[in-house]
Each structure stands twice: as structure tokens, then as C-alpha cells.
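Please keep the sequence and the model in view while reading.

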Amino acid sequence: MIWVRTPFVSGKGDPVRQPIEFDHRHHVADDGIDCRYCHDLVERSRYAGVPPTSRCLNCHNQIWNDSPLLATVWTRYFRDQPIPWVRVHRLPDFVYFDHSIHVNKGVGCESCHGRVDRMARVYQIAPLSMSWCLDCHRSPERHLRPPDAITAMGWTPPRPQEEFGRALKTLYGVREITHCSACHR
Amino acid sequence: MTSSPAHRIDTPIVLDTDDDDAQLTDRLLAPLRSKSKVWYALLALSGAGMLLFVATSVYTFVGGIGLWGNNIPVAWAFAITDFVWWIGIGHAGTFISAFLLLLQQDWRASVNRIAEAMTLIAVFNAALFPVLHLGRPWFAYWLLPYPATMAVWPQFKSALPWDFAAILTYFTVSFLFWYTGLVPDFATVRDRAGSRGRRMIYGIFALGWRGSAEHWQHYRIVYGLLAGLATPLVISVHSVVSMDFAITQLPGWHSTIFPPYFVAGALFSGFAMVLTLLLPVRRVFHLEEIVTARHIDAIAKMLLAMSWMLIYSYVCELFIAWYTGDPYERYIFLQARPLGPWAWLYWAMISANVLAPQLLWWRSVRLSPLALFALSLVIQFGMWMERFIIIAGSLSRDFLPSSWADYRPTWVDLGLLFGSIGLFLFAFLLFLRFVPFIPIAEMKELRREIRGTA
Amino acid sequence: MTGNRQPFEHSAVDDAGRVTRRDFLRVLGAGAAVAGLGACVEPPRERILPYTARPPEITPGIATFYATTMILGGFGTGLVVKSREGRPTKVEGNPHHPASLGAAGVFEQASVLELYDPDRVRIPRPREGVGGWDAFARDFALLPASGGTEQGRGLHFLMEPTASPLTNSLIERMRTLHPAVGFTFYSPLAFTGAMEGARHAFGRPLQPVYDLSRAAIIVSLDADVLDADPFCLRYARQFADGRRLRSRRDAMNRLYVAESAFSTTGGMADHRLPLRAGDVADLAKALLAATATPEEIRPAMPLLSQPTPDGPMASWVRAAAADLRAARGQSVIIAGAQQPAVVHAIANALNAILGNIGTTVRFIEPLLPTESPEHALATLAAAIDAGAVDKLVILGGNPSGTAPADLRFGERIRSVRSSAYLGLHHNETALDCKWVLPALHYLESWGDARAYDGTASFVQPLIRPLYDGRSVDEVLAVCGGWPTTNAHALVRELWSTQPDFTVLWARSLERGVIENTASPPVSAALDWAGVLPVLAAEHQRAARDSIEVTFRLDPKVLDGRFANNPWLQELPHPITKLTWGNAAQLGPDTAKRLGIETGDEVSIAFGGGRISIPAIVVPGHAEMSITLPLGYGRSGEERTARDVGVNVYPLRTRNAPYILSDARVRGVKPGSREPLAITQGHFTMQGRMIAREATLAAYRADPRTIAPAHEPAPSLYKPAVKSGEQWAMTIDLSVCTGCSACVIACQAENNIPVVGREGVLKRREMHWLRVDRYYTGAAGTARVISQPMACQHCEKAPCEYVCPVNATVHSPDGLNEMVYNRCVGTRFCSNNCPYKVRRFNWFDYGSGIPEVLWMQRNPDVTVRERGVMEKCTYCVQRIRRAGIQAATERRALRDGEVVTACQQACPTRAITFGSLDDPESEVSRSRRQERSYEVLGELGTEPRTRYLARIFNPSPDLTV
Amino acid sequence: MREQRLFAEFASTGSLVEAVRRIRERTAGPIEVNSPYSIPELDDILGLKRSGLPRVCFASGVAGAAVGLALQWFTNAWDYPLNVGGRPLLSWPAWIPVTLELAILGAAIGGVIGLLVATRLPRLWDAAFEIEGFERVTTDRFWLGAAVRAEDAARVREDLAAAGAIRIASVPHE
């Protein structure tokens, strides 16, 4: 009972090594690229979308195009081979998490993924356990934001989150969904 | 042979021996030293059965429930039948020792420990089946209310968690009751032990008992209390088991008389099992003077009484089925069972549970160990069939004829049933060999009461 | 498995260069892979393999739909196919297409599995020597430049008749360029009786097209128009619209059926006359005589002066004739495809006399060859014997397996010097040919097709070819040695002649039909001159005291072409509920006469052929007649099809392809084979009010007789909290034909496994939706009633409160939820389900199947692990998807926005689904009908699925 | 002052009871009696006070019941309320069986633990075990042990002998 709650099982806070040393800190913090530039499906699909290699090269055929760090990207691209990114956030196969609905209802990236702008290698900040999901599903107001702040990192609510969240909750018609088929089908 | 005390019913006393305490003690401890060939032979035989059980269980665990004959609609069949059957057998033990203790039935003394051991083993046996029966047994612990990371709990409207609690409690309480009774006798074994090793081991089990008057006083109280607690348990356990069926809507299950009906059935098969075990033991270890004809006679009479409780339940069921006018009820009770594909099983069950016990009206039958032994086996088989007819039979003919289907057991089903019998006997034989199976202290106390304080 | 790589090379290859199932499904978003269900240890880190450049039309996680056309029996049915990340996963009907009207039958539904069939032919290969298309071309292709008209002599094409404009244009092109090249068209699915009959009645072969929606009286002479017809989906819809009741006052059409074997059409009949197929001609004559006035049939009078029939036949004829006379212009007489020309001729004559032509019947120019396929094949056989054929190219079909036995066609193919077979499977024909060429599945190929009414539509691929295959058109082009051999180019080339082609092309691909391409009706005037000879001619008919044998295309595998499709093999036969095999159907008296019962065998001998086949007794089957379903006992290399059932082709000969009047039949008892795998053991309702029915008259008199008003059962409980939509379903038994399209649709949508013959014998079939079938009425006039049965989503669900782990609970929007990943498998829920609609995973059905089949899996539905329960979810994945869509668009769900798989497939729209919180929704209104009732409602389960009692409409002057 | 412990062995309950009576008159010191089986009449003679175990048993039983009821209410009605078969969340009748079972379980376990505490068992060694012949106390002999002042010792020995002691042993008492 204790054991399953430890990071050893949940995989929480374990920086994952990627085939390419992609640094979110740099891209998000320094360059200020919006999450949705790469993870472009997040508003439409279940999946946030791991960007196609071509997406990287939109910029990198101009800048740093000869950087050795990008060697793999280029070779893979021209060989038409995918880059084998390593999954960081894994949900069991029987869980149907849908990014689009969460984003559209005002749940920010940060709420689940944390300060990605401060992560050299991305790691899980949450246990991703069902009870963790339920915490938010039972009182969503604690995590709601206005649409323009969805991808913001380190966003602070104008008013105390509780009441601000409650306002947004009524505004977006956010429900407290805890029935099974919401996630398991 | 007829002159031997074993066949005299008119013996005034339960305990038919002139030994003094020491001799009596030695006689009762004899089995623990005996090198009986029969015992070894039986142990080997039942050991094989136990291995069969292990094999079939592992096979099921690895291969899945599909290896059984179950289907939709008959999703429960052999395994659950075995479960109910064993639980039922596990009833007489506590009933005899607790209930009869409260009623101050002297004669219980010499048989109660065997009965209790039987109960413990049978209940343990039974408890294995529901787990094995799960589609995903490795998640059996989900029936326990523990704080899981998925934040989901067991569902207590279902009868299965009730079952779980009932069996757990029944096993624990029966064990405590049994062990408490054993402590003074373990002390005796400790003090009569030849080798140092035995003295050590039994010494530990005896908890350092030295028969102090003050201890005896507390002991009497607690033993009585445990008896008092165990008695409602005997009633509650099989009542709860019966609710697995009674709370459903299925014709043939959905019935309010199930709790008493099942308890009666349980005691019926339980007493039969007591006889099945007691008669050979008595013969093999020459205990005719401890377990006298009067014991046997008393148990036989109990059997007869129980059979009539059962008959009453049967009649009740049939009458109600007819009286409700509910087409589904009527079909299952008045057509499917007596005339359906399993009619032969039904009538075999009737003759085993209703007709056969009536032989016990004859004194000669009650006094013939052989006849009783045979009868006890017949009755147990009959009770197994009864459960099978209730469980699989009802499922195979429910509301929509389109989904009716019959059921065929596979060799795995049979292996589990016979294997569990092997397991049961194996454990019981070990008990006979290493535990004083006739309460020594109680015997002596009892004799003192009978003879008066001279 | 390298096979499934090709279409996905850019997306799903791991470092080892293999497609691993998990990665594959991950990338493609099939989050529901079975593995890991209930896994309790940390799995190894997974790889995510994104596209290097994502195709614009693909959005991982979002399904896309494409219109295409499936060709069966030469005619096209328009479909809309669902694709997830480049994999077709589900087939739906195309509402714009005349042959579909939005519905998709069992074959269309199951065709998606055929695409991923692991037994498909993969590479072009000769028996010996080098393979590959180039090698094939070297052996077979013509050189258009040289040779002149003689070029191609000895080259012969054997193919299935098709209405495809492209294919036919290529054939024409070939014929003009190389007159010496031979063409033969053969398929057991091609019937020419109708056109033959038209030739007799109207002087030239024509193709009848019916409009049942305008027919008040429908008379079927052994015609299974609702299930076995190129246009059956459309006919079924029209028929249903003609008898769908919204109130007691609505009018209803009336269906008369005379047939030997119980068909789905017969199951819907208001008056069904069991009649030997060979005797239908007599019935037709009697009907003609009884219906038409003497003037109308004066020329035929002498020929119709046969002894007037007696018994049930007489009353049937009397009633039908009366109705027909009363409904001139609003009636239709339909002759069965396998019936001889005379029956068709009489049907045509009647339709003409009654003035139905132009209203309920119209005639168009034939779209398929008018020559009987059996005789065409015989001609080819003769040519082969004459040594006139040295290169035989067989495009599709399976002539070795299906040709008339007396042609011994397989041997003849083997005698040809060089032969090639283009097909999906290594079937009997493939084994006889020197070359085996992988054909493209229609979901992989470009092309075009014509529907039965001539409407053209394009075939467009949903996926890159899984293997190195070519379509029929492409192979023709290859053999012609023409520059363009690419079907896409060819079809564009053909249609580019049309005005503003680019618009037409785009629009037609989007809508799935090419507008205004239906064949124009042609005038057809009755001419007795042609009819009289056939009336006079003595037609084939079994003697009164000898048993007739008829051959039927099996409703599940047709002529055997779908025998390798496990979904269809395990689909219960609509009437007999038989799976995994075929059996000789016969009536009770005939069975008694032969001294056998269901499970015993009949041995039938004719000509050189002799077969022994298990018998199945079907009340309502014509006596002294035995029906043999074709298509089983296959001996090709298809692993699923091989040796399932009994091959009855050995009895089928050139001159008696459908009706065998002089076979030697005897009963064999006891049967030697294993028991028949039938999914339903009891066919009577034991007097229980389960599938309810009443005559229209009775219903109008007092609806309560069939559906007593349901006061909700008194309860101590406070009603549970409900929020949002309240999902519910109604099923109209009046229009449910039992065709079982819903069953396959459900199977495809919900990743339902197949348990195989042994599984069915153990009563472990997994179908979430089954179609219960009961007999009603007296023994003589037995009727059947079909009742689709799936989870009823009870508001007071008995299954829920017995689950010890909360694995099945109720959602606020009224769904009975089944949480697979919480289920421990006590099976208590199934015991307490009065409808027994819950299914249990006895084994790990999900795993161990060929990898390529994983591509069909619906990624929105969990694949269930061993040891868990499953059941109908009302397609919750569709409900939630729609809910999320609506929520992101900040709007409420619209009525009809959520469509369940079964509902979508249903040809007759028998299933209504929607929300009760909107009192005006379709489902709310249908529940208010007086004939709506709950099955076992008296148990207080308060099911959300309700049934509309079956109303049938017998003639008042006939006792049912 | 010096004391010593006298141990006497008896062959019958009669003589044992007799001896206990005499010693009780003679000395107020604690008397331990050991016997192979329970001899109820000794309780009054020795003046043992009524056992408190029944109360313990009852209390633990009530505790068990409370736990059972609370558990079911918390898990099914409070922490994760789910609509199960349209039944009410507070479906207390369904909670009776588990409550009853846990009550009995609690009582039984409480009782046995109480017994162990009251008798200060398990205690594998006791001074008495060292005495020659004491092992027959679990078979057919009865022992009486009493602490007496040195000067009384002689008279006590006589009493014991008179009561029918087979053997008398003395152990210096610390």
C-alpha cells in the first residue's frame, strides 16, 4: 500500500533521457515558444501530439542547422525514419484521457505536467494514479484557468484560485465527473 | 462382538471405561505414538489427492476459467457447488462443540475436537474455491476494503463481501475455540512426552499451561464465551452463504427460506461427515469405550432430525413455487428440476437426502457402524447434488428460453472436487497423528462429575 | 509479420525495423491494446514514433471517413468507411447511395476483416520459376504493336460478371484491339432467370427494379428480396417504411411469401406458404389464373386450365389474388432469382396486367451478361478441351470450387498450358493454377462500380495495399500491355470525358455516388407470344412422392467467398442459428419420413456426386424438400474456411444449378459428425411474453393486449440522481428482419472476439448483441419472430448490486457501465442478469491472433483481458466522443447525433437511440407508442431498452 | 522475616480440597493450586474474585461492530458514492451481515487476548516446573503451593500430611 505510492512505482520525478537532447527550458523559457506550436493537436484530439520531425526543421533549417545536436534529426528526417522519443507520461491502455476536453474546459498544461519550462529533461510531476485524477475531478475549481493562460507556465490567478476557479467553472459549465465510463470504455 | 461396549446402547454412562486418570490419559495419547500402517496408507492415498488438487488449481490459474465447463448462462457450477458443500460440512464441528456445550450435552466431549478439526479443515478447503473461481484471482484482494491508489472500494450491497467477512470470522473464531480447548491437553502431551524435542514443541503450543486454579477459572469463562459466540456464527455463516443466491432474481435462487434451509442442509452434511470420520477413527484406534455406541446413536438421531428439517424446506420450496403462480418459479421447480435434463440427478438427490435417512428410524441401523458409514457417504453425495441442482440447474433454465443451455464438467472440474477431498483427508490425518483428538482434561473432568466427588 | 509494414513505414517501425504491436498501436493511437490491462508492475519505458512529416488529412486520435464502393455479385454498394490513423476500422452505409441508403449488411460490415485476413495472397508467384509482376507480364501480356487481330488467340479471361464501367470499358478495349482474346463470365451469384423471363414477357432481356415503398401488396414467389438480393438493403428499407407504425391508424403493407426454405423474407411474411421450389411455377400459374380477369389472360387461358389447387395453397392464392386485384398499380409480384424463367415470365405478366410497371416495377437495360453463367462456363470448358485455350487468366471468383460438378472444371484448368489466378485467397482455383496473383481488396484499390439500378460510384482506397497486389482492372491493363496500368489513372482517364470532370471527380468521391447515372427505365409491353411457350413447356419438378433438393447461397458465406471470415462463420444463421458450418434444412414430416432428427445426417446422391451432411429440422420448411446451403467444406488453403461444414457443390450440375428434382436421398442415423454449433437451444417462448406480436386488427382493437401499460413497479428507493442525457433505445420488432447486420456491426465496432466452433458448442459466444429467434403460430403455419437482445441498461440493474468490487455501476446519464479494468471475474453479474446478455472472457481471446488483425481493432474500445466480463455499452465510446465534441463547441448534444453501431447498420431502421430528457427526441416518441413494452419489465429492472411489439397484417379473409 | 514455599502433591481432588481448607485457615498468604482439570468448587475456597473477561469480550464486540458499520458507510456512502443498481447509498440493511460478523470476530479475539493477559500466558517457565514429580499435574496429580513463615512450616507440613499429601517439597522463598 505504501510501496505503490512511491515514485518507484508511479515513476514520478524521474527525468527521462531522450534520443535527442531536447531542452524544454531553452525552447519554452528562452525562446518563449508556445506549447501548442509543437503539441498542436492538444485542442482537437485525445493526443497532445508529439511533433513530426518536419516541425523541428521549420526553425532549425534556418538556425543551428549545423549543430551536432541536430545530426540525428536530420538523418532520421532524410531517411524518413521517425525519431524514437521516449514516453514520459504513460497511462494504462484502458484509460481514455482526452487532452482536448481538458484544455477546452480550462485546465492548464502546468496542472498536470508542471513547470516544463524548468525541466532540462522532462519528468512526471504527478503520480498519474486514479486517485490523483479524482482529486481534480472532484473539485476542478482548484485548477481552472482562462483560455489565454492555458499554456502559461507559473501562472498566478488574479483572484484567489478557489473563487476564481469557481467562477470559471460555472462559466465553462465544468462538471464534477466521477463516473467510470468518463475514462474507461 | 455384540457383547463389546461399542454395541451396547444401554450403557448408562457416556464414558465407558474403568481406567484411572493415568491409564485414561495414556490411552488417549496412544494415537500420537502409534505407528499404524493404515494411517500411512491413507496418508499416501490422500496425499495423491492433494497433489491432484494442486495440479488442477495451478492449471486453472495459468490457463483460465475456460478450462472448466462453465458457460453463459451457467457461469457458476462445480467450483461454487464444492464451495458451498465444504462450508456446509464445516458446520457440524462448531455446532457440536459450541451448541451442545451450551446445552450441557455430556456426550459431546469425546467427539467435539474431531468435529472442530473437521470444521477448520473444511472451511479452509471451502475458502480456496471462491478465490480460484475468480476470472482474475490475482486481484482477489480487491474484495478487501483497503485504501487503493485507484480510490475505489468494495461494494457491500453484494453478498460476496458478506461471504468474505463471514468465512473469515467463522474460521478465526472456530480456530480460537479449538485452540483454547487444546491448551491444557498440549500441556499434558508436553509433560508425558518421551523425547526432549517433543517436550519443547508441545511446550510451546501449551503456552506454559500449568493448570492453576485461577487460570482454570478464566479459562472456563472464556471457553464458555467462545462457545456462545460460535453458536450464532454457525447459524450466520451458512445463512450468509445462502444469500449469495437468495439476493438474486434468479428463479430457484430468489427465495426467503434459503438461510434456514441452507443451515439445515449444512448441519445435515456436517453430521454425516462427522460419522464418516469418527467411525473409522474409533475402529482404528480402538476407542469404542471412549466414543461409545451412545455417541454414534446420538449423532445418528441428529441426522434423522436434520433430514426432516430438510424435507420441510423442500416441501416449502415446492409449495411456494406453485403458490406464487410465477411462471418462471413454477417452471424451474415443477418442470425443469423433476422432469428436465437433470431429472435423474434430482431424483437421486431426493432418494439420498429424503429417503435414505429414514433408515435411521431403525435402531439396528443406528447401531451398525457399517450401515451408518455407508449412509453418511450417501448423504454427503446427496447434499453435493442438492447444491449442484440449485446452482447450475437454476442457471441453466432462467427467464429467456433463448439463453437456456446445459452444462458439462471438464476433467479439471472433477479434479478439483476429488482433489479437495484428498486435501481434506490429508490434513485430517495429520491432525489425528499430532494433536490429541479426544479432549483429555475434559474427559477426566467429565468423569469426575459423573462419578461424583469421591 | 512484415505484411502490415508497407502502409505504415513512415510511422510505426521501431529501431529493429519491425512493427511491434504495442508501438504500432501507440503511435496510431490505439490506446486500448489488451496488454497492460491490470498490469501491476511498472512497464518498460515505451517509445513514441511520430510521423516524420504528418499527412495533412491525418489527425492522430481523430477518425476520418471516406466514401467508397464495395462490389458484390457485380453490383456496387456505396459505403462510408471509418479510418483511424490510416487504418480502415469500420464500414458504414452511405446514405446517398441507392443500394445502401445508409445501411450496411453483414458482408459489407465483415469486409473490413477480410482486408486484414492473414491468409491473403501476398506476392505474385508461379508454381515454379521466378515470381513478380514483371515475370507474369512476360508470360501473359500482349504486345499491342505487333500481331494484329490474330494476336492473343489462345488467351482467355474468366472473370465474374461486373457492372463496373471501367472494367467493361477495358474489356471492350481488349476485344476491339484483340478480337481473338476470349472472355467468359461466371459467378454463382449471377442469376439470369429474371432477364430470361423478361425476354419471354417483353421480347428482350430486361432487368427489373422494384420500388417496394409504393407497394401495398407484395407477393414473393420464392424471392428473398430482403436479404439475398443485390438491392436488398434498399428493398428492406422500402419494405420497412411501408409497414412502420407510428400510431395505430397508420397503414401497413402486406407480404405474401411462397418459399421452400425459411428465409428472412419469409420470416417477415404476413402469409407464408411453405412450398417446394419446384412447385412455385404451378403456384404462379394458379395465381395468374386467379388474379387476372379472363379477358386479360385470354390467350393463356387454355394453358392455365390446370386442376385448381387445394388446401393451404388454395386459400393463399385466393387471398393474394383478391388483394392484388384490389391494389392494381400498388402491388408487386417478385419471382425468386433461382426460379426458372417461367415463374419470372408469369410475374412480369402479372405486374404488367396489374399496371404495376412504372409504379412499383421498372425495367432497365441489363447491366450484366444475360447468358446463364453455367452455360457460359460449359462453353469455355469445351474450348479448353478443344485446345483453343493455352493461356487462361482467372480474375477473381473461385470457379474450381463453385463450377457445376459435371464440368470438372478444376481438372480442366490444370490441363491448360499456362493459367493464372488473381484472388484474395489461396482457394481451390489458386491451387489449380500455375500462377497465383494477389488481388487488391476493395479498400485498397481504385475503380468504379454500378449499383443494381445503374447508379455509378467510385471505389477509392482507404489504405495503401498491404501486399503486392493488383486490381482486376490493372491486371487487364497489364495483360493488354498498355502504358497505363494504374487503376487510379485508368478510372480518371475513363471519366475525364465527362463535362467538368474535376468537379464531378471531387464531388463524387466526397458523396460516394456519381449523380444522375442511374439507368433510365425502358418501356416494357407484355407480349403473350413469348410467354405462351414457357407456360406450355413442362418445367422441371420433383414427383409428389420424391424429395426435391435445392441449393441456396448461404446467408453468411454466399457461394463460399466469405468462408474464411471468422466473423461470418460465427454469425448465427438468421433462421437456424447455426454457426461454423452448414446443414441440410428440411421440414419435420420429411425428417420423420427419413427417420432422422436434427444432428443426424442425410446422404444425397445425384449423377456422380454423393454427399453426406448433417440435417437440421426447420418447422415451416416445405415438406418433401431439402435445402442445401452452398459455400462450405472448402478445400483451399484458407485456414479458417478449410473443412468447415460440408461441400454440396458435387451435387450441383450445369442443368440443375438450383433445383434438383431427382436426387436419391436417405437418412443416416446417428450422424457421424460432431454436434452442430447452434447458439440457441430453445425456440419457443414457453408462453412467456418475451417477443410480443399481434395482428394489426387486434392492435387497433386494443393495444393493451400486447403491451399492458407499465406502471413503474412500486419501490422503496428514492429515484437515483440523473444528470445530462438519459440514453435509451427502442427496437421495432415489426420491421426487424433478423438479418443480423447489427451483430457484425457491433462486433466490428467493439473489438468482440471470435470463440470458434468449440467455443460456440460450449455456449461461450461473445456477441454483445444477439438476435433471439422464436417460433410462433401453429405448427402448420409456423412464423418466426426475431428479437435483437443486448444489454437493456436497466435503471435498477440486478447485475450492479451483486458486484463485489464496483466493476459494474450506473452512470448519471443512465448507462450500465462495465469497467473491465476493475472486474475480477466473479461472474455474479451474469447470474443475476435476467437477459443473459453479459459475456465472459473465458480465455485470452485478444492475444495470440495474427498481428495484422490488430489493425482492425477500434482504438476507442478496450480489448478485454482474460477473466473479465463484458457487454453492450450502448457504444459508450461514441457517446463520450460526441459529448466531448459538443462540450468543446460549447453546445448541447443534438438528437440523433449519437448513433450506435447496430442502429447505424440496420437496413430497416428498426433501432432508435437517443436521450429521454428530451421529450420530443425520436426515442422518447417511440417509447410513447402503445405497443412499446419492456422485456421482463415485471421484474422491476426498468430497462432503458424497450421493444415495439411486432404487428403483422394478415388478410382478413385468411385465418392465420 | 524468612519465608519458604511448601509444595504438596495429592492423588485425589478430595484430599486436595481438604488440604486447601486447612491451609486457608492457617495462613493468609497466596495459595496456588494446580490440577489436571478444572475444579469449580475451589474458586470459593480460594476466594478467587469473579473474572472480568466477559466485560472485555462485550466491549471488543461492540468495537468490532462499530468498525464494520463505519467502514461500510465510509466506503460506499461517503468516500466514493456510486449509483449501484439504483439502490440508495445508505442501504443499511445490506450492511447488517458484515457488521454482525465483525462484532463476533472482535468479541472472540478480545476474549482470547483477555485470557492471555489475565493468566499472564504464554509463560513457558514457572518455578513449579522445577519440582520433582510436578509434571504429573497435567495427568492425574494435584498440587498445592503456599508461602508460609518458617515457624509455621512444621505445622503446615503436618496439616498437609494429614490431608493426605503424598509428597511435600519446600523451596526457599526470596
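The model is predicted, and in it chain D is divided into two parts, with domain 1 covering 3–36 + 140–173 and domain 2 covering 53–119. Between domain 1 of chain D and domain 2 of chain D, the C-alpha centres lie 49 Å apart.

**Contact between chain D and chain C**

- The contact draws on seven residues from chain D and 11 residues from chain C, and the area buried between chain D and chain C comes to about 920 Å², with carbon and sulfur atoms giving 59% of that area.
- On the chain D side, the residues that lose the most area to chain C are D:N83, D:V84 and D:R87, which together account for 54% of what that side buries.
- Two residue pairs are in polar contact across the interface of chain D and chain C, both at pLDDT 80 or more, whereas the count of salt bridges between chain D and chain C is zero.

**The seven-stranded sheet of chain C**

- Seven strands of chain C form an open sheet with mixed pairing, and their order is β25-β19-β24-β21-β23-β22-β26.
- The edges of this sheet are held by β25 (659–660) and β26 (664–668) of chain C, and each of these has a single partner strand, so one side of each is left without a neighbour in the sheet.
- Strand β22 (residues 601–606) and strand β23 (residues 609–617) of chain C run antiparallel and are joined by six bridges, and within this part of the sheet C:V602 has C:I613 in β23(C) as its bridge partner.

- Apart from its neighbours within four places in sequence, C:S661 is in contact with C:Q540, C:R541, C:A542, C:S546 and C:I547.

**Positive phi in residues other than glycine**

- C:D643, although not a glycine, has a positive phi of about 60°; C:D643 is placed in the loop between β24 (625–629) and β25 of chain C, and because its relative accessibility is 56%, C:D643 counts as exposed.
- C:R890, likewise a residue other than glycine, has a positive phi near 55°; C:R890 belongs to the loop between α27 (876–888) and α28 (901–905) of chain C, and with a relative accessibility of 45% C:R890 counts as partly exposed.

**Cis peptide bonds**

- In chain B, the peptide bond that joins B:I72 and B:P73 is cis, with omega at about 15°, and B:P73 lies in the loop between α2 (37–63) and α3 (78–89) of chain B.
- In chain D, the peptide bond from D:L121 to D:P122 is cis, with omega near -5°, and D:P122 has its place in the loop between α4 (96–118) and β3 (142–149) of chain D.

Key. Residues numbered from 1 in each chain as written. Chains lettered and ligands numbered in written order. Predicted model: local features only at pLDDT ≥ 70, side-chain atom pairs only at ≥ 80, totals over all residues. Heavy atoms only, no water. Pairing = 2+ DSSP bridges. Helix = DSSP H or I, 4+ residues; strand = E, 2+ residues; numbered from the N terminus. Contact = heavy atoms within 4.5 Å. Domains from an automatic or database assignment. Buried < 20%, exposed > 50% of the residue type's maximum accessible area, 1.4 Å probe, protein only. Buried area = accessible area lost by both parts, 1.4 Å probe. Salt bridge = Lys/Arg side-chain N within 4 Å of Asp/Glu carboxyl O. Polar contact = N/O pair within 3.5 Å; in protein donor to acceptor, adjacent residues only side chain to side chain.
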